[in-house]
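Hi,

Here is the model I promised to pass on. Have a look at it first, and my notes follow below.

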Amino acid sequence: MPSQKFIDSVVEYFPKDQVYLDEVLVHALSLDASPFEPRAKMLVDVCSEGELQTLLSLAREHGAGLTFRGACTAINGQTVGEDVMVRFSGPAWTGIKVLDNGNFIWAQSMASGGSVNKALGPYGRIIGPDPGSISIATLGGMAANNSTGMCCTIEQNIFHTVKSMRVLFADGTLLDTADENSCAAFRKSHAELLDGLTDIRKRIMVNKELVEKIKRKYSIRNTSGYSMNAFTEFEDPLDILEHLMIGSEGTLGCILDVSLKTVVLEPCRATSLMLFPTLEDAIKAISVLSQEGALARAAELMDRITLKAVESFSTTPDIVRTLDDKACGVLLETQAKDEKILQERIDTILECLKDIPGLTDHKFVKDPEEYDRLWDMRRNTYPAFTGVGGPYDFTVTEDWCVPPEMLGEAAEVLQTLLEKYGFRGGIMGHAFHGNMHFILPVPLGDQAAVNNLKGLTDDIVDVMINHFEGSLKAEHGTGRSIAPYVAREWGPEIYSMMKELKALLDPQGILNPGVILNDDPDGHFKGLKQPWGLHESVDRCNGCGFCDSVCPTKEVGFAPRQRIYVKRTIARLHEQGDSERADHWEQVFRQYGLDICATDGLCQLRCPLAVDTASYMRYLRHENLSDFTKDTARRIGNNFSKAASMASMALSTGRAVEGLMGHGIISVMDSLSQKTVGQHVPDLVDMKLRGGSSTPPSKAKTSEQKVVYFPSCAVRTMGYDVDDGPGQKPLMDAAVELLNRAGYEVIFPEDMKNLCCGKAFETKGLSEEADRKSDELSKALLKATENGRWPVLCDTSPCLARMKKHLDKHLDLYEPIEFVQKFLVSKLNFIQLSKTVAVHPTCSTQAMGLTGNLVEVASMCADNVVLPEDINCCGFAGDKGFTHPEVNASALSTLSTQVASCKEGYSTSRTCESGLTLHSGKPYFNILYLLEESSRNN
């Protein structure tokens with residue numbers, strides 16, 4: 001526990017909103033993907049290297065432990081923490097620079113592996129590591145764990161491709177190994193440390209058995225303990241130190257940035273899911289291909305239990321669901337620089353395997369979408385096992401490595417041990433590397449099951465060390481899971497050197513205590529998570545964190561897995577009778593988890609198991625509703641036209657007042673509004689927002705081509721406040737002109753002022769009123785379309801997405817992008833206007849798979865279209881831009897710089913457009929405006 005003096009010092013130096021002491025916030029925000037409960041007592045956000053150095057200085061002064069947090073996708077407890085969790089916040093930690101025409105890349109610690117590879121894409125190169133979580137895992141975390149992955153060879157891992165790094169040590173010294181002056185200064189100031197490293201190296205090098213042991217153990221994948229091969233592969237103590245940082249898991253220093261040598265990504269790829277009658281046959285195939293050298297880049301072994309776990313995925317081929325219990329799969333990939341060589345390799349592979357029994361003819365796919373689907377199936381095997389277990393299970397995985405020629409025997413031993421302890425777990429692995437994993441759901445709240453897991457682990461450790469001479473950790477890092485076994489794997493002499501190394505670099509033991517070196521024999525089974533059944537929509541969550549990156553509240557509140565974790569803890573506290581603590585957790589959850597949630601659903605799209613946190617939040621909101629709130633919603637629904645008219649009038653009045661009295665009045669009104677009703681008053685001028693307009697008449701005469709146009713209630717109540725360009729005329733008018741131009745007679749449903757799709761009610765948990773309004777709309781549209789004879793256009797994608805789910809299936813429903821591509825492209829001539837525009841796909845646009853279509857439509861109308869990177873949900877979320885504007889601001893924090901060259905932006909949701917306008921400094925409009933302008937010459 002950090003001392004009160006330390007806490008007081010941190011609070012005195014750091015801004016209030018960067019320091020977290022509340023138990024709920026600290027545990028939720030430091031949650032990782034491991035089976036261990038968070039342990040930190042305090043969390044601090046650092047926004048600069050200066051702040052990090054200050055925090056480190058205070059930790060030294062008061063003896064507080066610091067744990068550096070990356071994306072928290074690690075599964076072995078590296079980021080559980082003890083005293084203080086450190087988050088790297090803001091843009092100071094995410095820089096990326098491509099060097100030497102892509103041969104090298106420099107990136108800061110919080111840059112994701114996906115972003116790094118995206119930057120390298122134009123150069124035909126990637127970084128060596130390719131872990132399953134690469135899209136969100138940070139480069140600092142990958143370096144700290146020496147991550148590898150499915151295709152990464154030993155020669156391509158970070159240890160062997162690091163060119164230089166900047167690292168901050170426990171004593172506050174910053175070393176830049178690319179800077180000669182920094183290195184010279186460090187040699188002088190830390191001569192004693194470097195002499196200590198040199199001495200360890202001498203003791204190793206004079207002992208032939210130790211040298212051979214280290215070389216043998218690193219001839220295969222190995223991330224158990226510290227990277228002792230640094231002492232055998234390098235002489236200069238600075239080189240040794242630099243490479244010791246790789247795989248040190250934040251226990252020796254904090255990696256600030258890294259420069260890596262990249263590897264070639266061959267442009268032509270082919271993948272095959274090969275199915276064999278038995279595990280033995282699969283191993284034979286892998287062995288044959290291993291002897292052929294570089295024919296294949298990767299071979300992923302998946303036993304029948306593993307294949308069964310992924311059967312529910314849409315990416316899984318149908319044949320997998322028909323296999324018997326002994327079948328086994330190998331996902332094989334080969335690459336080449338051109339199609340001719342690729343086909344030659346495919347032919348050679350098939351020839352090599354012709355005598356090995358297969359369940360089907362082996363077929364390779366070359367289409368990127370097809371082979372990505374196969375690899376997605378493999379990447380998602382870990383979370384898939386959560387779906388196999390029950391709501392009180394946690395999916396546990398471990399990884400080992402054996403010499404590749406012993407893979408078959410090792411797999412059989414693992415299967416035997418799993419059966420011995422009554423576990424039905426899957427076995428898979430990176431076969432060419434001899435790297436295996438088991439994955440199994442375990443009820444961690446059941447002590448008998450935990451005891452069995454400990455027995456299984458002990459037996460596997462024994463056989464790996466004594467029979468296979470393998471690695472207890474191949475790629476996932478030591479963390480806490482294997483720390484108690486490091487001494488047994490390496491022997492007393494090398495283990496004592498590891499402890500000596502830790503003492504040299506961190507004499508106070510303040511960096512990530514308890515990780516890598518832990519003499520507690522039961523440390524790996526203490527403080528385990530207690531999964532808890534909550535609701536069918538979220539019970540399969542295993543906390544992998546794949547969804548974090550798309551959550552608009554991740555910087556200002558909880559991310560999806562954190563929401564689920566907190567609710568599970570609340571349920572457990574109630575079960576244990578700790579109602580006072582449970583009530584506090586619930587109070588914090590409401591502020592940071594429930595009320596702030598955008599319920600956009602993008603997290604479900606990123607989740608391998610489609611865990612639907614948004615639906616769960618709506619369910620909780622519904623459960624928390626009072627009778628008064630439900631009655632109020634019913635009254636609003638019954639008098640919807642009046643409510644919409646009042647909202648429109650309020651916007652027009654507010655805009656007039658702001659225009660008359662200036663921006664200053666907004667801050668005064670906002671402050672008063674927050675104090676009285678807890679609502680924010682938006683800056684209508686900056687949002688370019690005013691009240692709505694009346695429904696226009698259709699100018700076309702009766703036509704054989706008809707379309708029913710349903711403008712959303714947001715469009716009907718929220719107009720655009722602009723003097724020129726798009727938005728001068730109401731959107732409904734522009735839409736009617738566009739449709740008339742294409743020869744359509746436009747029909748509006750009767751009593752449209754009272755109609756609503758129910759989306760506004762749904763997000764607040766008002767499901768009954770939402771469904772009632774949907775039913776009303778469905779009946780009105782059936783009548784307007786003559787029971788589905790005519791297509792329906794809705795100008796707002798989120799509304800249309802709900803309509804597709806809840807309205808009568810006879811209705812042919814379209815949002816703008818779909819409607820244009822199906823009906824208008826053939827009828828109108830769209831001219832590319834000479835301007836640069838931005839586009840924003842709403843959450844619903846993304847969910848419907850129309851992001852690329854939006855870009856295509858915009859590109860018909862403008863000669864340059866910008867789709868900003870890493871802008872997912874805009875965070876406006878219907879009304880969150882008014883009630884929780886910090887969500888909108890956080891979600892769009894990088895938008896303005898990305899659209900600086902744009903004249904304007906386009907989307908398909910009026911509320912989203914308001915927030916986009918506010919935070920980009922560019923006016924955003926509905927895409928129908930751009931289409932209308934582009935087609936005027938028809």
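L43 has M85 in β4 as its bridge partner. Before I go on: this is a predicted model, where local features need pLDDT of at least 70 and side-chain atom pairs count only at pLDDT 80 or more, while totals for chains, interfaces and linings use all residues. Residues are numbered from 1 along each chain as its sequence is written, and side-chain values use heavy atoms, with hydrogens and water left out.

Back to β2 (residues 42-46), which pairs with β4 (residues 84-88) in the parallel sense over 5 bridges. Strands here are DSSP E runs of at least two residues and helices are H or I runs of at least four, numbered from the N terminus; two strands pair if DSSP finds at least two bridges between them. β1 (residues 19-20) is joined to β2 by 2 bridges, and these two run antiparallel, with V19 opposite V44.

How many residues of β2 are buried? It's 5 of 5, where buried means under 20% relative accessible area, exposed over 50% and partly exposed in between (1.4 Å probe, protein chains only). M42, V44 and V46 cover one side, L43 and D45 the other. In a regular strand the side chains alternate between the two faces of the sheet.

**The antiparallel sheet**

There's also an open sheet of 5 strands, ordered β5-β6-β10-β8-β9, with antiparallel pairing. β5 (96-99) and β9 (174-176) are at the edges with a single partner strand each, so one side of each has no neighbour in the sheet. β8 (residues 162-168) and β9 share 3 bridges, and V167 sits opposite L175 in β9.

Helix α4 (residues 113-120) packs on this sheet, touching β5 and β6, at about 35° to the direction of β5. Contact means heavy atoms within 4.5 Å; axes are lines fitted to C-alpha atoms, for helices over the stretch in contact, and angles run from 0 to 180 degrees between N-to-C directions. Helix α11 (residues 237-245) lies across β8, β9 and β10, at about 80° to β8.

D583 belongs to helix α21 (residues 579-594). Is D583 buried or partly exposed? Partly exposed, because its relative accessible area is 48%. Its C-alpha atom is 9.1 Å from that of L573, 10 residues apart along the chain.

Cheers
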